[in-house]
Amino acid sequence: MSNIIGSEEWCSFNELQIPAIKARIDSGAKTSSIQATNIKRVIRKGIPYVDFEVNPIQDNRSVSVFCSAKIVDTRVIKSSSGTTQKRYVIKTPLTINGHTFEIELTLANRDSMDYRMLLGREAMSGRFLVDPSKHFLAGDFEESAFFDLYKHLYKEKTGLRIGLLATNRELYSNKRLMEAALARGHEIQFLNIQHCYMKLDAQTPEVRYRGGNILDEFDAVIPRIRPSMTFYGCALLRQFDSIGTYCLNSSASISQSRDKLFSSQLFSKNGIQIPVTGFAKSPLETKDLIDMVGGSPLIIKLLESTQGKGVVSAETNKAAESVINAFKSLQANILVQEFIKEAEGKDIRCFVVDGKVVASIMRQAPKGEFRSNIHQGGTAHKVKITVEERRLAIKASKILNLDVAGVDIIRSNKGPLLLEVNSSPGLEGIENATGKDIANTIIMAIEKKLKYQPKD
Ligand code: ADP
């Protein structure tokens, strides 16, 4: 048997009862890793073990193999998206190209791995040479033969139908929501916002899809509406609501949360603490606007800002005045806000589902930067929040009436302050940093709303 393997190969793990899994052969990585979910450390007869699930089929979480192995080590890994993760290391026999040998394997919890498994150079050294231009030199599978290996693990269909109303099905969050719905035995269809259209009529209102199909069979719709699609996406949601489809986050609550001025007014009216903030239209009152929020240093934000792109700080009143006047001359809508220096470039993202904080992370800005957004080079890690912060996150999402919300909080000398509430919070950063299956939690919240009882 040849000792040359390609850049993708099929492997199997006898002890873990994984008869086949596609691996990317990556000599750039030292250790091998496998994608695992529901990772739990347990003690058996005084020895630390890890229980976990592997979904051996790509983009499909309805098939789960339950595994358990002794923990041989724990390592902290930093992913390319800036999150750090503690990973367990196990040892188990691997079979590839007719050879079986023991390898070290880290359990990677839902990061952006394109493959369910990655075979690093440690496992290959002295055994195989890699020809990166080739694939499956050790033999390939027919897709149906591969699926047959896991037939006994397929879930029964529940009959629940969900629509995912979004723009890009390849986004991490959208892929995860589709996987999670399938994993629970539901049907889910991706609905591109731009391909939906509506019939307004008192008797028979409709939503139709490209090709003319009438979308009347959905029990629920999950909106994932990007800011540029708010107007049309919300109109569609109202239409789904009028034909009796449950919408996870209503049209009204999404529009409200997208309007930073309106939502800030709702927060102050309801006694929610936010950094002192000023809004204005005419450039004449610039000086007073600056004084009103306590003078420099201060923050100036474009109302349409996302990912921290439209947020700047001004160290002096003079600088603040110039920036405000420059923005105003461009007719941009802005807000001026006291700078929370003591936050030291950190903020907290609480992920709220159905009135509960299900996960929270702290984001830290890189050195010399005050914006903690991952897109600005920030890093994220799991954080334990205080009772007060939890209350604030829950109250803010309740005021906006959001079933799912990403609530951003900044820690100040006055206590936690609310920065912003996001109605389509991303799953990637929070799932990677906390290891939690948030997509599954969201699908479970839909089941609860629809009063659906899972059989098991
Ligand atoms: P965006 O919606 O573009 O992400 P944010 O209002 O969330 O804008 O601000 C981006 C980042 O800037 C926040 O995550 C936070 O780290 C930092 N930031 C925002 N407002 C303040 C403030 N008032 N004081 C200190 N830092 C702030």
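What follows is a walk through this predicted model, from its domains to its ligand and then to its strands and loops. Residues are numbered from 1 along each chain as its sequence is written, and side-chain values use heavy atoms, with hydrogens and water left out. Because the model is predicted, local features need pLDDT of at least 70 and side-chain atom pairs count only at pLDDT 80 or more, while totals for chains, interfaces and linings use all residues.

Let us begin with the overall layout. The domain assignment gives domain 1 (4-152), domain 2 (276-339) and domain 3 (343-447); such bounds come from an automatic or database domain assignment. Between the C-alpha centres of domain 1 and domain 2 there are 51 Å.

Where does the ligand lie? Domain 2 and domain 3 both give residues to the shell around the ligand, so the ligand lies between them. There are 20 residues around the ligand, and Lys301, Ser305, Gly308, Asp347 and Asn373 come nearest; a residue is near a molecule if one of its heavy atoms lies within 4 Å of it. Strands E20 (298-302), E22 (334-338) and E27 (415-422) each supply at least two residues of this shell. Strands (E, at least two residues) and helices (H or I, at least four) are DSSP runs, numbered from the N terminus. By type, the shell has seven nonpolar, seven polar and six charged residues. Here Ala, Val, Leu, Ile, Met, Phe, Trp, Tyr, Cys and Pro count as nonpolar, Asp, Glu, Lys and Arg as charged, and the others, Gly among them, as polar.

Lys301 places a polar side-chain atom 2.7 Å from an oxygen atom of the ligand. An N or O atom in the side chain of Gln337 is 3.0 Å from a ligand nitrogen atom, and a polar backbone atom of Ile340 is 2.9 Å from a nitrogen atom of the ligand. Of the 550 Å² of accessible area that the ligand has on its own, the protein covers 97%; the areas come from the Shrake-Rupley method with a 1.4 Å probe, and for residues only the protein chains shown count as cover.

Next come the strands. An open sheet of four strands runs in the order E13-E12-E17-E18 with parallel pairing, where two strands pair if DSSP finds at least two bridges between them. Its edge strands, each pairing on one side only, are E13 and E18. E12 and E17 (residues 220-223) share four bridges, and Gly163 has Val221 in E17 as its bridge partner.

Elsewhere, E14 (residues 196-199) and E15 (residues 206-209) form a hairpin with six residues between them, and Tyr197 stands opposite Arg208 in E15. Arg208 also stands opposite Ile214 in E16. E15 and E16 form a hairpin too, with three residues between them, and Gly211 in the turn has a positive phi of about 100 degrees.

Pro297, in the loop between helix H7 (286-292) and E20, is joined to Ser296 by a cis peptide bond with omega of about -5 degrees. Asn249, in the loop between E18 (246-247) and helix H5 (251-258), has a positive phi of about 85 degrees although it is not a glycine.

Terms used:
A polar contact is a pair of N or O atoms within 3.5 Å; within protein, one must be able to donate a hydrogen and the other to accept it, and residues adjacent in sequence count only if both atoms are side-chain atoms.
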